[in-house]
Amino acid sequence: MKTSILKKQKHKLAANRNPWVFSGSVYGFDTVPENGEAVRVEDFDRNFIAYGFFSSESAITLRLFSWDENEDFDSVFERRIEDSLNARKVFIHDDTDGYRLMFSESDFLPGYVADCYAGHISLQVNTASAVKYLPQMKEALIKTLNPLSIYVRPAEELLKKEKIRFPEHCLHGETPESIIIKENGLKISASPMSGQKTGYYFDQRENRLAVAAYAHGRSVLDCFCYTGGFSMNCAVKGAKQIISADSSADALNNLKTNFAMNSLTEPETVKADIFEYLRHRQNDTAQHGIVILDPPKLAKSQQDVDSALRAYKDLNMLGMKKVEKNGILASFSCSGRVKREDFIKSVSWAAKDAGKNIRIIENLSQAKDHPISPFFPESEYLKGIIAIVS
Ligand code: SAH
């Protein structure tokens, strides 16, 4: 294996298992590796630090995947998949067969996000190395899981940060246009090929149950509902009325299919920009026992953080005004760059401007199959609160 040497005093983060080494910390190479190639990483005094994947284009020059000098690279993909699967077995039970199997750095294999859809795998590739080692990853997935199919998609960053054009395609077997998965016992039709993300938002699984626990007898306004994850769980728990709103007509059609498949009464659906819809709704007096706000990522880069915080504030102010007295606001941010304390600050400003009091009664995070690496705080991205509005 080729070796990358770090600059003097620039090995500490890496030695403490932070998986990202930026270009400014890299002194050089004994032989320049190919883009994506796995390399041995040493400190300036030539002591072993870790193994990592090299990228010639990204600002993150090395993504570390092992701190064990005896790591057997030939079997690493297989072992990482098995480890991730065994970790998922601790909390994924028979009522759920759609889940995130591998979450890149959090599962010690940077570059890959693998989601399981009832035996089919949707694999997202994020880095040059993930593309380079795709044949090994494919073989390891087949050997360990024997999946019905593997569908591979490039992450947005692949072109932007690694300058790699990669067409999405079926890598193994045949991926159907839609797959019926089970989540918390509910049937859900998901499309790993054409849906958003890798097809479904698994990261809200537990939060859907947490919010639905308050739904009995309440009227629910589910904003940014996508295919109805929150709406359906609220229906199961006895919500008296549900409005599900999203800007995507495809998502709303999928939501209707999901409600029908589970023999649940179809909710009222609204196709609209939520910001406009909520502004418009300030003119009516109807209020809701639960308002759910689960917008898409509002800060895609560090420059967007301030405007994202303003958008969270506006959204939460508008949403909060539609909550009845002592009703529930369930509000989320999936922007990794927005810190929890700043998100909560924006909700507090919203409350002040809305003339409301709020009491946070639950702090929520991403689902268990999106584990957070303590070595890599960036792996925590989803934040949410459940609050009582009065
Ligand atoms: N709550 C969903 C996931 C939401 S993902 C679940 O539990 O599965 C974000 C959703 O916001 C997507 O469905 C997307 O179509 C929708 N969206 C994005 N921008 C929007 C906007 N301005 N107005 C309404 N919906 C929007």
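Biologist: In which sense do strand 1 and strand 4 pair, and over how many bridges?
Modeller: Strand 1, residues 3–6, and strand 4, residues 38–42, pair in the parallel sense over 3 bridges, where two strands count as paired if DSSP finds at least two bridges between them. Helices (H or I, at least four residues) and strands (E, at least two) are DSSP runs, numbered from the N terminus. This is a predicted model, in which local features need pLDDT of at least 70 and side-chain atom pairs count only at pLDDT 80 or more, while totals for chains, interfaces and linings use all residues. Residues are numbered from 1 along each chain as its sequence is written.

Biologist: Which residue is the bridge partner of Ile5 in strand 4?
Modeller: Ile5 has Glu42 as its bridge partner there.

Biologist: What is the strand order in the open sheet of 6 strands?
Modeller: The order is 2-6-5-4-1-3, and the pairing in this open sheet is mixed. Its edge strands are strand 2 (20–22) and strand 3 (26–29), each of which pairs on one side only. From one strand to the next, the twist averages 35 degrees, an angle taken between N-to-C directions on a scale from 0 to 180 degrees, with axes as lines fitted to C-alpha atoms, for helices over the stretch in contact.

Biologist: And the open sheet of 5 strands, what is its order?
Modeller: That open sheet runs 7-8-9-10-11, with mixed pairing. Strand 7 (98–103) and strand 11 each have a single partner strand, so one side of each is left without a neighbour in the sheet. Neighbouring strands here are turned by 20 degrees against each other on average, with direction ignored.

Biologist: Which pairs in it are parallel or antiparallel?
Modeller: Strand 7 and strand 8 are antiparallel over 5 bridges, and Gly98 stands opposite Tyr117 in strand 8. Strand 9 (residues 120–125) and strand 10 (residues 149–154) pair in the parallel sense over 6 bridges, with Tyr151 in strand 10 as the bridge partner of Ser122. Strand 10 and strand 11 (residues 169–173) run antiparallel and are joined by 4 bridges, and Ser149 stands opposite Gly173 in strand 11.

Biologist: Back to strand 8: is Asp115 buried or exposed?
Modeller: Asp115, whose place is in strand 8 (residues 112–117), counts as buried because it has 25 C-beta neighbours inside 10 Å. A residue is buried if 20 or more other C-beta atoms lie within 10 Å of its own, exposed if 12 or fewer, and partly exposed in between, with C-beta atoms placed from the backbone. Although Asp115 and Tyr200 are 85 residues apart along the chain, their C-alpha atoms are separated by 9.2 Å.

Biologist: Changing topic, which residues are closest to the ligand?
Modeller: The ligand is surrounded by 18 residues, and the closest are Phe224, Tyr226, Gly229, Ser247 and Ser248; a residue is near a molecule if its C-beta atom, placed from the backbone, lies within 6 Å of it. Helix 7 (229–236) and helix 9 (274–281) are the elements that give two or more residues to this shell. The shell divides into 9 nonpolar, 6 polar and 3 charged residues, where Ala, Val, Leu, Ile, Met, Phe, Trp, Tyr, Cys and Pro count as nonpolar, Asp, Glu, Lys and Arg as charged, and the others, Gly among them, as polar.

Biologist: What is the phi of Phe224, and what is that of Tyr226?
Modeller: Phe224 has a positive phi of about 65 degrees, and Tyr226 has a positive phi of about 50 degrees, although neither is a glycine. Most residues other than glycine have a negative phi. Phe224 lies in the loop between strand 14 (219–223) and helix 7 and is buried, with 20 other C-beta atoms within 10 Å. Tyr226 has its place in the loop between strand 14 and helix 7, and is buried with 24 other C-beta atoms within 10 Å.

Biologist: How do the axes of helix 9 and helix 10 cross?
Modeller: The axes of helix 9 and helix 10 (residues 305–320) come within 9 Å and cross at roughly 40 degrees. Phe275, Leu278 and Arg279 in helix 9 meet Asp314, Leu315, Leu318 and Gly319 in helix 10, with contact meaning that C-beta atoms, placed from the backbone, lie within 7 Å. The residues of this contact divide into 4 nonpolar, 1 polar and 2 charged.

Definitions and conventions:
Two residues are in contact if their C-beta atoms, placed from the backbone, lie within 7 Å.
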